[in-house]
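This briefing describes the fold of one protein chain. Look at the picture first, then read the points beside it.

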Amino acid sequence: MRRMVPLLAAALLTLLLAGCGAGSNNKGATDAPLATPSAVASFGIEPTNAASEEPSPSASASPSPSQPVTAQAALVDKAKDIAGLLRERDISSLQDYIDPDLGLRFSPSVHLSDTDLSFKPDQLPGFKDSKKRVWGTADGSGDPIELSFRDYYEKFVYNKDYADAPDVNVGKSLGTGNTTFNVMDVYPNASYVEFYYPGTDVAAEGMDWQSLLLAFVPAGDDWSLVAVVHGQWTI
C-alpha cells in the first residue's frame, strides 16, 4: 500500500498539468501570433514606429515666408508698383523711385538717343504744364516730337493699361522691330522690365504691338528708375 501512494501522486500530477494546458488554449493562448504591422495597415491604419525618423534629405520643403525674395522678383514688384503709379498719374509718388543722380529719361523709342529728355526727381513736369518740349524725332519721318508733357505721356508713356499687361518680362523684350534696342549700352549695369501688349490687328500681322519698358540701375540693395521707354513696331 505504501508503494502505491507515490504512483497515485504522480498520476494525479500528470492529470492536473494536462487540464491546465487545455484551459489556457480555450481562453486564447498566450503563444498565439501578435498582429503584424501589415495586418494593421490592411484596416487603413498606418503602422507607426516608436522611434522618430529624420526626414529624407531629398524631401523638398515649402519655402518659408521669411526667406528673402529673389532679386528678379523684387525688381518685378518695383516695376509693377511704378506701372500702378503711371496708371494713376501719381507723379509726386513716382519721384521717390527715380535715381537722384541720373534722373529719369523719357524715350519715345527703344533706341535711346541724345535727344531724349531727362529730369531729376524734383524737376518732373506736371500734367498742368502746357509747355511744349521736343522729346525726340518721329520714326520714319524724322519730324520732331513736340508735345506738352500731358500729350507725350498719353502717346508715349501710358497709351495702354500697362499695369494690366498680359506679358511682363524681365531682361528680355518680346517687342521687336527694325530699331536697335540699346538700353543696356546706355546703362551698362541696368536691368529692365517690359510690359507688353501683343498685336491684335490681323491685317497688321501682329506688328501693332505696344510695350512699356522701365529701366533700373542698382542702388545698394535696391533699384532706382532711370528710364521710361516706349516700344512699338518701327520701319
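Two strands count as paired if DSSP finds at least two bridges between them. In strand 8, for example, the bridge partner of arginine 105 is alanine 227. The model shown is predicted.

**The chain as a whole**

- Along the sequence, the elements of the protein chain follow the pattern α-α-α-α-β-β-β-β-α-β-α-β-β-β.
- The protein chain has 235 residues, and 31% of them are buried.
- Of the contacts between residues at least 6 apart in sequence, 53% join residues at least 24 apart.
- The accessible surface of the protein chain is about 15300 Å², and carbon and sulfur atoms account for 54% of that surface.

- Six strands make up an open sheet with mixed pairing, in the order 2-1-8-7-6-5.
- Strand 2 (117-119) and strand 5 (167-170) each have a single partner strand, so they stand at the edges and one side of each has no neighbour in the sheet.
- On average, neighbouring strands of this sheet are turned by 20° against each other, direction ignored.

**Strand 1 and its two partners**

- Strand 1 (residues 104-107) pairs with strand 2 in the antiparallel sense, over three bridges.
- With strand 8, strand 1 pairs in the parallel sense, also over three bridges.

**Strands 7 and 8**

- Strand 7 and strand 8 run antiparallel and are joined by ten bridges.
- Leucine 214 stands opposite valine 228 of strand 8.
- Two residues lie between the strands in the hairpin of strand 7 and strand 8, where glycine 220 takes a positive phi near 70°.
- Why is strand 8 largely enclosed by the rest of the structure? Nine of its eleven residues are buried, so strand 8 is largely enclosed.
- In a regular strand, side chains alternate between the two faces of the sheet.

**Helices on the sheet**

- Helix 3 (residues 71-88) lies across strand 5, strand 6 (191-197), strand 7 (210-219) and strand 8 (222-232).
- The direction of helix 3 is at about 125° to strand 7.
- Helix 5 (residues 149-157) also packs on the sheet, where helix 5 touches strand 1, strand 7 and strand 8.
- Helix 5 makes an angle of about 70° with the direction of strand 1.

How values were computed
Residues are numbered from 1 along each chain as its sequence is written. This is a predicted model: local features need pLDDT of at least 70, side-chain atom pairs count only at pLDDT 80 or more; totals for chains, interfaces and linings use all residues. Side-chain values use heavy atoms; hydrogens and water are left out. Helices (H or I, at least four residues) and strands (E, at least two) are DSSP runs, numbered from the N terminus. Buried means under 20% relative accessible area, exposed over 50%, partly exposed in between (1.4 Å probe, protein chains only). Contact means heavy atoms within 4.5 Å. Accessible areas come from the Shrake-Rupley method with a 1.4 Å probe; for residues, only the protein chains shown count as cover. Axes are lines fitted to C-alpha atoms, for helices over the stretch in contact, and angles run from 0 to 180 degrees between N-to-C directions.
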